[in-house]
Amino acid sequence: MSATARRVPESERLEIVAPVKDGYARILSPGALAFVAELETLFGARRRELIKARRERQVRFDAGELPDFLPETRDIRESDWKILGTPEDLKDRRVEITGPVDRKMMINAFNSGANVFMADFEDASAPTWENMIDGQTNLFDYAHGTLAYTDPVSGKAYALGEKTAVLKVRPRGWHMLEAHAELDGAPVSASLFDFGLYIYHNARALLERGTGPYFYLPKMESHREAKLWDDVFTHTEKALGLAHGTIKATVLIETLPAAFEMDEILFALKDHIVGLNCGRWDYIFSYIKRIGKNPAFLLPDRSQVVMGEAFLKAYALLLIKTCHRRGAHAMGGMAAQIPVKGDEAANAAAFAKVRADKDREASIGHDGTWVAHPALVPVAKEMFDRLMPGRNQLHRMRNDLTISREDLLAPHKGSITEAGVRENIRVGVQYLAAWLSGRGAVPLYNLMEDAATAEISRTQLWQQLRLGASLSDDRPITEPLVRAFYADEMAKLEHALGADAFRAGHLREAGALFLELVFADELAEFLTTPAYEFIK
């Protein structure tokens, strides 16, 4: 370095290429930006290599290789070890509610009676710049005891109750970039951006409140990706002066490759992990994405791919057995049903499905579950209170189970129907339209849909076309047939919504992108990647 050269501070290397509104400076402070830049500098190249490794592995899957337990990590699976431990406020997680980082919805979730609230920067939030920074602002206010909201239209005031759910935060996955934050001219990891801003501002305040910086980690595919998070956590603890093991995470097992590396993922994160979760909707999507070119793994209608059967049953049981052996919580999956206003019969049916699902989860040994709506918290809690009188079921070791590779790959049996194809078109297009409008959690047909269900919709259609599948009435599923169904469904939507609302709702743009993904020669990794170009 020359005598006149100046070392560029990390905060100046990270450029924000988006409007910085009033109030954003508090979140985008020089110290916070310097910390995000530091994380990207230290870990960005490893993240890119791991994403490259996913693509290379996919080439092998497309050539006929199938996922399997790793021979090189057999000693981790077979030896005895435990995770470091679980904080007191995470030992009872019987009902967790999830939702976007919208201010009013966050307050309602905190006050819902759930044990844990997962604030979601990922599948339940469209990653517009405003959504992401407003979400960070809301979390800052929560951590510092100032989160409140007054509806500008109704004047209704929202405030936190005396007892609130414990907060966990889900940053975006390793595959995503934050286009509005550039380090030396290149976008930074969305994962590191979300994580870095949140923990830099809030770790101390959370600890002073008697809780801590707790996370949900999405869409990982290997223990190497988990080890990257562990190294990020360890570095962060040192950089921020936190005791080792302060940061705690639960990993969503929502990709097919990760199901074969559950022990290894727990081991990689063992000082920082408290559990695994059955991310069922993304798991179905990953199953199709990773091995869907093989006709042996053609799936029936989404409604027939249920948790109590085939590969979904096997992976849930293996998750419980693996977690409990290591002293970690085994969390159940999402109940996507929402209350049905004005239709008591439909509402009763929806609640009955939730009860049956939560009865199954508690009965087989899960330590808690997810819901998407505050009205379902007491329903899920009722089932777990009855079947799980203690704080968790870590004592249920499930040594009676032997889950094989074949069990984890066994496809569901059933049929592909015209109704199922039409539903995939209808849900996929409407969800994507809402996402383009800035909404990530969307109520559709009495279910709370997020990006994962839209991914199932488009990948099922792609797989059916790729494999030359037929409907249950023997009609082949072809591009002209799908286009005909699409035109009919779009006409129905336009009629139901009205021409003006249809046009304003981005349905045409969403439909065009949806069809492009469905008819592509190669299956896109994520629909949110090309869709991000429309909203960034």
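1. The lining of the second largest cavity holds six charged residues, two polar and two nonpolar. Here Asp, Glu, Lys and Arg count as charged; Ala, Val, Leu, Ile, Met, Phe, Trp, Tyr, Cys and Pro count as nonpolar; the others, Gly among them, are polar. The model is a predicted one: local features need pLDDT of at least 70, side-chain atom pairs count only at pLDDT 80 or more, and totals for chains, interfaces and linings use all residues. Residues are numbered from 1 along each chain as its sequence is written, and side-chain values use heavy atoms, with hydrogens and water left out.

2. Which residues line the second largest cavity? They are Arg54, Lys219, Glu221, Glu254, Thr255, Asp282, Phe285, Ser286, Lys289 and Phe526. Helix α11 gives the largest share, four residues. The space in this cavity is about 50 Å³. A cavity is a set of points, on a 1 Å grid over the protein atoms alone, where a 1.4 Å probe fits but cannot get out; lining residues have an atom within 4 Å of a point. Grid points are joined across faces, edges and corners, and a volume is the space filled by probe spheres set on the points.

3. By this rule there are three cavities of 30 Å³ or more. Helices are DSSP runs (H or I, at least four residues), numbered from the N terminus.

4. The largest nonpolar core has 114 residues, and Ile253 and Leu276 have the most contacts inside it. Helix α12 (residues 310-326) supplies the largest share of this core, 10 residues. Another core lies apart, with 40 residues, including Ala434, Tyr486, Leu515 and Ala531. Such a core joins buried Ala, Val, Leu, Ile, Met, Phe, Trp, Tyr and Cys residues through side-chain atoms within 4.5 Å. Buried means under 20% relative accessible area (1.4 Å probe, protein chains only).

5. Helix α16 (residues 418-436) has 19 residues, which at 1.5 Å a residue should span 27 Å; its end C-alpha atoms are 27 Å apart, so the two agree. The expected span is 1.5 Å times one less than the number of residues. Is α16 mostly covered or uncovered? Mostly covered: 15 of its 19 residues are buried. Glycine 438 follows α16, with a positive phi near 100°.

Methods. Helices (H or I, at least four residues) and strands (E, at least two) are DSSP runs, numbered from the N terminus. Buried means under 20% relative accessible area, exposed over 50%, partly exposed in between (1.4 Å probe, protein chains only). On a 1 Å grid over the protein atoms alone, a cavity is a set of points where a 1.4 Å probe fits but cannot get out, and a pocket is an open set with protein on both sides within 12 Å along at least five of seven lines; lining residues have an atom within 4 Å of a point.
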